[in-house]
Each structure stands twice: as structure tokens, then as C-alpha cells.
Amino acid sequence: MPANPTFSALPHKAYLLPDAVPMWPPVWWTWLAVAAVILILFGAILVLIIRHKKRAYRREALAALKHADDKVLDKELVVLCHELIRRCLVSENKSTLAALPAPQLFNTLDQKNAAKHRFSSLPEDFISGPYRGDITLSAAQREHILSTTRYWIRKHHA
């Protein structure tokens, strides 16, 4: 077979593939996408920080309840729970609701609570306890009062 003069005249470079297209620098709008992702992350972190600061009163109230142990008298426990609930309401700019008498306040709060965690399920001493001279609660009643108050502080949306 005779050799083809056109193929033999070509240099070896003609048979090589072209260089790969480099990935850098990227297209012009890549920087816009990177900036958008950074701004979204920054915004999300900022929202979480603001939310954390806004809910600081809840953490303080729960810490105060944590220190209410068996050494606290029953009346002091009830007064503490009332006080913390009212402080939480004031912290959320619900001063008019916090100023209501105890029966009206807890009836209003019960409208938004789940049936299991309503203040009406607590003993009568919880509602009228701060206005009485001396009250006695059993250990189960104390725990029920504390757990209901803790739940309300964590989950309230007055």
C-alpha cells in the first residue's frame, strides 16, 4: 500500500487532543452566587443570635425554677411560679395580661395550652395560693406545679 502523502506530512502535534478547558476563572456570575450564599449564611446566623437573645428571659426563668427544690416552702413555690409566669408575660410586652388577677390570668392562658398542661388541672392552691396564709402541697402536687410551669415557660405564645 502506498503511503498517503498528506498524513505523513502532518506533524505529530496534529493528532494530539487540545488542552483541557480550565475551570478557573469561573464565569462572572459565580461571584454573585458565592456572595448570595455567604449573605444567606450570615443572615441565618444573625437571626439565630437575635432569637437566642430574645429568649434569654425563658432560660433565666427555667434556671430559677431549677433551684426551687424541697427546701422552699409550698407558698413560696406557688408565689415563685406566679411571679415567673408574670415576668415572662411582661418580657413579651403583655403587661395588660400579666396584670390580670390570678383566676382570669390562668383561664386566659389555659385557652392556648394543651389539655395535659393546663393550669386548671393544678390544685386550687396554685391559683389562690399567693392570697392565702399557709398552704400545704404533696410532693406529687409540687412536681405537677413545677412541670406545668416549666412547660408553659418553654412553650408559651401568649
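## Arg 58 and its partner

Arg 58 counts as buried, at 9% relative accessibility. "Buried" here means under 20% relative accessible area, "exposed" means over 50%, and "partly exposed" is in between, using a 1.4 Å probe and protein chains only. Arg 58 forms a salt bridge with Glu 92, with the closest N and O atoms 3.7 Å apart. Glu 92 sits in the loop between helix 4 (74-91) and helix 5 (95-98), while Arg 58 is in helix 3 (residues 56-66), so the pair ties together parts that are 34 residues apart in sequence. Glu 92 itself is partly exposed, with a relative accessible area of 26%.

A word on where this comes from: it's a predicted model, where local features need pLDDT of at least 70, side-chain atom pairs count only at pLDDT 80 or more, and totals for chains, interfaces and linings use all residues. Residues are numbered from 1 along each chain as its sequence is written, and side-chain values use heavy atoms, leaving out hydrogens and water.

How many salt bridges does the structure hold? There are four, each being a side-chain nitrogen of Lys or Arg within 4 Å of a carboxyl oxygen of Asp or Glu. One of them joins Arg 87 and Glu 83 at 2.7 Å, N to O. Both of these residues lie in helix 4, four residues apart, about one turn of the helix. Glu 83 is partly exposed at 33% relative accessibility.

Another links the side chains of Arg 142 and Asp 74 at 2.5 Å, N to O. Arg 142 lies in helix 8 and Asp 74 in helix 4, so this pair ties together parts 68 residues apart in sequence. Are these two buried or exposed? Both Arg 142 and Asp 74 are buried.

## Cysteines

Cys 81 is buried at 0% relative accessibility, and Cys 88 is buried at 1%. The disulfide count is zero, going by a cut-off of cysteine sulfur atoms within 2.5 Å.

## The whole chain

The chain has eight helices and zero strands; these are DSSP runs, numbered from the N terminus (helices: H or I, at least four residues; strands: E, at least two). Of its 158 residues, 27% count as buried. Among contacts (heavy atoms within 4.5 Å) between residues at least 6 apart in sequence, 59% join residues at least 24 apart.
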